[in-house]
Amino acid sequence: MKAVFCARVAMKLLVGVSALSLGGVAFAADEADQEATNDQGQLEQIVVTAQKVSQNLQDVPLAVSAISAEKVGQLGIRDAKDLTGLAPNVTIVQGTTNANAAVISIRGIPTPATETFGLDTANGLYIDGVFIARSGGSALDVTDIERIEVLRGPQGTLFGRNTTGGGIAFISRAPSKEFRLAAEGGYGNFKAFNGRITLDPGEIAGISTSFTYSHRQRNGTVDNLNEPDDSRDPGAINTDSFRVAAKAELGGTGSIQYIFDWSRTDSSPINFQLTNTASGAANPPVTVGGVPVRVTQQAPVAPFLAGVNFLDPRCAALAAPTRVWRQQVCNDINSRSTDKSWGHNVQVQNDFGAFHLKSTTGYRQWNNDSVTDLDGIGAFTAKAFSNATLFNGMPASLLQFIPSIPEAFRPFIAASPVPNIQQNLFDTNNRRRHKQFSQEVEIGNESDMLDWVVGGFYFWEKGSENNPQNSGFVLDTNSIFTANFGPLGPGFVAANPARYRLVQTLSVLNYTASAESTAVYGQATFYPGGRDSGLRLTAGGRYTWDSKSMIRLQNGAAPLAVPDQGKAKFSRFTWNLMVGYDLSNDINVYGRVATGYRSGGFNAQDPAIAGVLPSFRPENVTSYEAGLKSELFDRRVRFNLAGYHNVYNDLALAVPITNLPPGTFATAITNAGKVTYTGIEAELLAVLNDNFTIEGNIGYVDIKFKEFLAGLPVAAGQPLVNTAEFATPGYTSPLTANVALNAQFPLGDSGMRLTGRASYAYEDGKYSFSNTLASPLNEVLRGENRNIVDAQIAVDRIPLAGGEGFARFWVKNLTDENNLVRAIDFGQLGYGGGYFADPRTYGLTVGVKF
């Protein structure tokens, strides 16, 4: 099997390298814009602030991708989810219960798959310098983006904790001092409509302002037969956003800028589809290192569903599990989610000559209310289980052997039917509230010999979650008779009027979590012999102090008499060393050693010990990276290459619990032990001629679990077992690739032009859980390999009175690939399913600007 796997990977890499040799891969999507070339047809230089100072992208000794405002508009990038495939080893999948959340994976390290407040993200998300602790709380629809920077690899010095995988920074455009008006609108299939208008009135009384309003809506992408309103079908979304920015110059050397944004999104999250059901057959323990280890036992959902009665007869056929994407579904609960987020951002900066200072203050709030169908089938009636009705329908001749049943009651019990229950397999609703405050101050300067920056950072957040859950656990009552009634067992089994019965389990998870983080940092880049000498030496360090607490009010059917509580403190010093050297004016190489740290915390579902919630440990990473950056053929080709080896210790993963009471499903946060990530990334952009450029990227990461202490021994009291041989990397595509051809042709002498773009992206299928012992369906639920083709054609720079316009026709997922991209294995509950990518979407967008 390993040989076959290696051959498959080798073939994919050869195909990817062949694609690179034909056209190249874009290191920064910015460069793919036709604006990325100057009058001589050369690639323009790109300036980024990935190191807290303005630098040429090619001089930064780490892997960074930059995406310009024009590319953002061209590709219709609305939020972080739209960035998947635009940089190597970067994949992003949709959240499950709300439209704004995203699971971001950079170089094999994913953010948490749920918006739990006890576990921090592993990939930082920043909007205008403000760290966004929860992706669901971002409001990017209305951000007037100047560029996006994607930083790959740990950024533990300048961007702090929780950037062990990397970071994504959105930088908005400052308000213009001149009058500026831009508006666009579009319409597409699924009755999609979007509109956006930005107005900069110009500088008035020394203050420049900018106002933006955005609206976006779409009907669902699949038809829920139980929902007559298409605008409430799964995949539907309706968003309104507003943003205002104001900036004033201070004494000619500084400025102050204030940004307020507000957003509301009403959505029907993407549809959960039932793909697998369990037979109920026993899953025997697995022996690891001589120790028998528990494997999750699954309820007999498959035979149970064969005997239920669906309230809507149309649902019976649609309840059959399948991995084939369905355009029609039959959900008894219409999943809905409402996200409201708003925030303030104040930036003050000034150049004092000897140094410059920048202060960034941010405050954000996010409210989420959702109800979610998590079984993908309609409601049904079935036989209900309770201890009081276990013997209903049994013959009196058998009941006489049950001493607890008086003789007078035996005929009544024998004549009584097993009661029915109207239920589904799983539904949940959630009420989340989150707020955060951050303050960062940076002081630095740049000279011919030295760039330096020092800073301080403070962050505080508080979040609460009230999460009622309603699940149906299928019980094989024959197992009760055979296990407890000795020689009478076979008789009860033969007379059992309803073998499979449903236990309704109602539970609530209700908690509040808070966190506080403080850090100081510094970094310096020394240029021996001057900035143009070709040698750059960088060193930096950061010390971080974290404190966390959680109060849990309920974790089951009833509120706790005394709340469970947990408090913990963590701290860590992280550092990086980098060297860059120019082999020539066109080629430079770099080396980097960097560390990262993600804070420990609490899992809200972990069992308490004497009322105290246990915390999990922080994780840390040491990354070794080497790379080459080049601009060749008179700066018409840009080729960059990076290789890395990351060593993680105490990697924190959510693992389903294997010894829960029957009828429950929960996960625990486990520090996995030691994991290594070894990868390579290639990126290139080529200007073919005045009409064509070609771009793309390719990345491969090999993940090896050296230690995964997650195996629960069958015998009580034994330590956890190393089950690394069963571990799988969650939400990670080992191989990613993207290639795109861009074209432009002038239309007359007015500057109007015809442009086009066709792109192909590939992502390996992703696992959604970390091992097959706790998640028996993990292997069969692995996501499908994705082949995504997008295309567009446009006419832009259309002369208008005092301005210009454009019209763009676009299509995403041209080949209508219906890929399973994310899954849930419900463990003991005995079934699993997943979420599919959007089908083909297309539309027309027109706009003007003055």
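Are glutamate 619 and arginine 598 buried or exposed? Both are buried, where buried means under 20% relative accessible area, exposed over 50%, and partly exposed in between, with a 1.4 Å probe and protein chains only. This is a predicted model, in which local features need pLDDT of at least 70, side-chain atom pairs count only at pLDDT 80 or more, and totals for chains, interfaces and linings use all residues. Residues are numbered from 1 along each chain as its sequence is written, and side-chain values use heavy atoms, with hydrogens and water left out.

Stay with that pair. Glutamate 619 forms a salt bridge with arginine 598, and their closest N and O atoms are 3.1 Å apart. A salt bridge here is a side-chain nitrogen of Lys or Arg within 4 Å of a carboxyl oxygen of Asp or Glu. The pair links distant parts of the chain, with glutamate 619 in strand S34 (residues 619–632) and arginine 598 in strand S31 (residues 587–598), 21 residues apart. Strands are DSSP runs of E with at least two residues, and helices are runs of H or I with at least four, numbered from the N terminus.

The structure holds 39 salt bridges. One of them joins arginine 536 to aspartate 582, with the closest N and O atoms 3.3 Å apart. Arginine 536 sits in strand S29 and aspartate 582 in strand S30 (residues 559–582), 46 residues apart. Arginine 536 is buried because its relative accessible area is 8%. Aspartate 582, at 25%, counts as partly exposed.

Glutamate 804 pairs with lysine 849 in a salt bridge, at 3.6 Å between the closest N and O atoms. Glutamate 804 belongs to strand S45 (residues 803–812), lysine 849 to strand S48, and 45 residues separate them. Both count as partly exposed: glutamate 804 has 28% relative accessibility, and lysine 849 has 45%. Elsewhere, Arg107, Arg152, Glu625, Glu681 and Glu683 are linked in a network of salt bridges.

Now turn to aspartate 200, in strand S12 (residues 192–200). Its relative accessible area is 0%, so aspartate 200 is buried. Its side chain makes a polar contact with the side chain of arginine 173, at 2.9 Å. A polar contact is a pair of N or O atoms within 3.5 Å; within protein, one must be able to donate a hydrogen and the other to accept it, and residues adjacent in sequence count only if both atoms are side-chain atoms. The aspartate 200 side chain also reaches the backbone nitrogen of serine 176, at 2.8 Å.

At 33% relative accessibility, arginine 531 counts as partly exposed. The arginine 531 side chain reaches the backbone oxygen of serine 447 at 2.6 Å.

Finally, the sheets. Two strands pair if DSSP finds at least two bridges between them. Strands S9 (residues 145–152) and S10 (residues 166–172) pair in the antiparallel sense over seven bridges. Valine 150 stands opposite isoleucine 168 in S10.

Another open sheet has three strands in the order S20-S24-S25, with antiparallel pairing. S20 (309–310) and S25 (420–423) each have a single partner strand, so one side of each is left without a neighbour in the sheet.
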